[in-house]
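Please keep the sequence and the coordinates at hand while reading.

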Amino acid sequence: MTQRFHIQPLQPGDWAALAAPAKSISPAPVEPYADLLRTKGYRVKIGENVSKKVLLDLAGTDADRIDALNMFFRDPEIRAIFCLTGGYGVTRILRHLDYAALSAHPKIICGYSDITALHVAVSVKTGLITFHSPNMDSVSRTAYTDRCWWAMLEGQLHREPMPPLPPDDDYNGPETWTDGVAEGVLLGGNLSLLAALAGTPFALPIDRDVILFLEDVGELSSRVDFMLHQLRLAGAFERVRGMMLGQFTYRKNQRRETPELLSRVLQTFCQELNIPVLANLPFGHVRNNLTLAHGARVRLDAGRKQFSYLA
Amino acid sequence: MKRRDFLTIPAASCLFSAMNSCQTTMKPEQTVHSISLPAIQNGDTIGCLCTAGGIEPAQQEPIERFFQSQGYRVRWGAYLGGDFLYGLSGATQERLADLNAFIRDEEIKVIVDLSDGYGALPLLVGIDFDALRTYPKWFIGYSDRTVLHLAIYKKAELHSIMVTDSVPDCINNSINNEGFPAWLRFLRLSSMNETPFFVRQHKFTIETWVSGQARGKLIGGRVSRLAGLAGTDFAVPTEEDVILFLEESDEYAYRVDRCLTQLFESGAFSRVRGIVLGRFRSPEDEPDDQIDLIDVLRERFLSLNLPVLSLQTTEKENDTLSMVLGTMVELNSDEKILNYI
């Protein structure tokens, strides 16, 4: 699939959409999120389903969520779709999304966690670049998060892919796990969702060189191990040339579970791959969540602890 | 498709009566896929190992004594009590070496996998399935071993017994109650005069969710592990008719739904002709989630147009649902019957 870099940066006056393809935002009101975008000068459309709530807290039935998202895909005016929240529900609707319409009217798509499934599906079906970024309910957590996010929205993809974080007690910066340099299409997101796509028409593509980025939240280290092996067994690592690991927060209040154990599981798996691995990057279910351009070509230099987007 | 009212009935009566009628309903052309592994004999060797989590050294001796008291010899794997990563009995290559050594050992007639928890998946690519074809033998496992049962069926075309409760617990219960596990009785008989469910004297709830009849290979296990095999060589077979058995424990409703989505989207249901639901339990920290979990199952399976039987057992009775996976079965959800054919 050829790369498509023609996503237009957002401009004041552009239309933006607020979407809930997975979990409902109810009981939280949607207006504050709309206002946040309006203060930046955007005009806002809100999905009809966002406050509906059905079984599993889904934001409406599958049909509700499909219709709302397809309406945005088909609307040439809408320049960006901001997902309000993650939760669960995207994998249920992937088969019914109008990828042809999205391809005809390319637009920015933002979100993470459950939205990972949407990023991968869009990449597989259209080759479009999307933004693995905070959902609206987790923007503005830190100045760093917002700064990275807005820079990406405003088209500064190449300027500074990973601005340095201010020194922090909790964060020691990226770690080189396996030295080396690799290039490929930056794909990935939440490990649980990537694993949940294996074997489906929306699985991670193996027809191109990939730099795989992963994060997850609150999973048992044994389950993280299972999911990594599951992806490997399904062939997802066939063309993975490098890995970028974000934050894997450990499952609290469980016997044995510690951040160190989770880290050892990841390291044990990565060592067998024999590819460059850069770990402890500032993205994931954490306050400082670096926005990544999903589907863009990148060059990873694990030894120098950096990566850059390629034209 | 008509839906029956939910009933609670003593399972033993209906399934035992089904068992008795098994012979009479069997037709010659249906015996092609019969159980091919022989019953075990006095003096046969049982190999005990751990493909995932280890066991305590203190557990070994009573297990060995129990099998010996039943007339069998016992051999132990080399990696049983390790503490690798999250409690694995050894590193991947070590656990694999144990498994392959037993597979290649002609004397070992039964492999009993004592492991609990995650850990079998990384072994799959290294298993010596050629040797297993050469020296076919029984495999007994549970829970995460769903992936091994699928692999054994797909790569060695061999059936195996999946226990729906902890194997060491089954043995301990047998020791304490001076009985023996249902699956051991099956190994002794290796008989078609059994239902796939080893019903004892327990009562549990059988519900006809969708009425109908179907036949196919009995395949299944934990939903999370079946979903974890999607896209791999070990996925639910799609080239033959399947009666799918599903169970899950300690998973939230949304996760079970996500796994079911993956199974549907990956085509795992393409040849499923009937469904048997075993025990589903969500984690205890969110009691309301159990209600959602059952709602998820109803939403998924009531509209599928396939016969669906639901067997909701309690924790204690659960080993009675142990079954021989990879065999031809006939499901009649109206009569609440599952038979080998």
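B:Glu157 is found in the loop between α5 and β5 of chain B, where helices (H or I, at least four residues) and strands (E, at least two) are DSSP runs numbered from the N terminus. The backbone of B:Glu157 has a positive phi of about 50°, although the residue is not a glycine. With a relative accessible area of 58%, B:Glu157 is exposed; buried means under 20% relative accessible area, exposed over 50%, and partly exposed in between, with a 1.4 Å probe and protein chains only. This is a predicted model, in which local features need pLDDT of at least 70 and side-chain atom pairs count only at pLDDT 80 or more, whereas totals for chains, interfaces and linings use all residues. Residues are numbered from 1 along each chain as its sequence is written, chains are lettered from A and ligands numbered from 1 in the order in which they are written, and side-chain values use heavy atoms, with hydrogens and water left out.

The side chain of B:Glu157 forms a salt bridge with B:Arg133, the closest N and O atoms being 3.5 Å apart. A salt bridge is here a side-chain nitrogen of Lys or Arg within 4 Å of a carboxyl oxygen of Asp or Glu. B:Arg133 lies in helix α4 (residues 129-134) of chain B and B:Glu157 in the loop between α5 (146-156) and β5 (160-163), so the pair ties together parts that are 24 residues apart in sequence. B:Arg133 is partly exposed, at a relative accessible area of 44%.

By the same rule, the count over all chains comes to 37 salt bridges. In chain A, what does the pair of A:Arg147 and A:Glu160 tie together? A:Arg147 forms a salt bridge with A:Glu160, with 3.0 Å between the closest N and O atoms. A:Arg147 belongs to helix α6 (residues 143-153) and A:Glu160 to the loop between α6 and β6 (175-178), so this pair ties together parts that are 13 residues apart in sequence. A:Arg147 counts as partly exposed at 46% relative accessibility, and A:Glu160 is partly exposed at 39%.

A further pair in chain A joins two strands. A:Glu183 and A:Arg299 form a salt bridge whose closest N and O atoms are 3.6 Å apart. Because A:Glu183 lies in strand β7 (residues 181-190) and A:Arg299 in strand β12 (residues 297-301), the pair ties together parts that are 116 residues apart in sequence. Both ends are partly exposed: A:Glu183 has a relative accessible area of 35%, and A:Arg299 has one of 34%.

The expected span of a helix is 1.5 Å times one less than its number of residues. For the 13 residues of α8(A) (residues 221-233), the span should be 18 Å, and the end C-alpha atoms are 18 Å apart, which agrees. Is this helix enclosed or exposed? Twelve of its 13 residues are buried, so α8(A) is largely enclosed by the rest of the structure. Among the buried residues are A:Arg223, A:Asp225, A:Phe226 and A:His229. α8(A) is followed by A:Gly235, whose phi is positive, near 90°.

Two other loops of chain A have backbone features of their own. A cis peptide bond joins A:Ser26 and A:Pro27, with omega about 10°; A:Pro27 lies in the loop between β1 (15-19) and α1 (31-39). A:Leu56, in the loop between β2 (43-46) and α2 (62-74), has a positive phi near 65° in a residue other than glycine. At 13% relative accessibility, A:Leu56 counts as buried.

In chain B, B:Ile206 lies in strand β6 (residues 205-210) and is buried, with a relative accessible area of 0%. The C-alpha atoms of B:Ile206 and B:Asp257, 51 residues apart along the chain, are separated by 22 Å.

B:Asp250, B:Glu284, B:Asp285, B:Glu286 and B:Asp288 form a negative surface patch, a patch being made of residues with over 30% relative accessible area and no salt bridge, with like charges joined within 9 Å and nonpolar side chains (Val, Leu, Ile, Met, Phe, Trp, Tyr) within 5 Å. B:Asp288 is found in the loop between β9 (272-281) and α10 (289-301) and counts as exposed at 59% relative accessibility.

Terms used: Areas by Shrake-Rupley, 256 points an atom, 1.4 Å probe, with all protein chains shown as cover. Lys, Arg positive; Asp, Glu negative; His and termini not counted. Charge placed at Lys NZ, Arg CZ, Asp CG, Glu CD.
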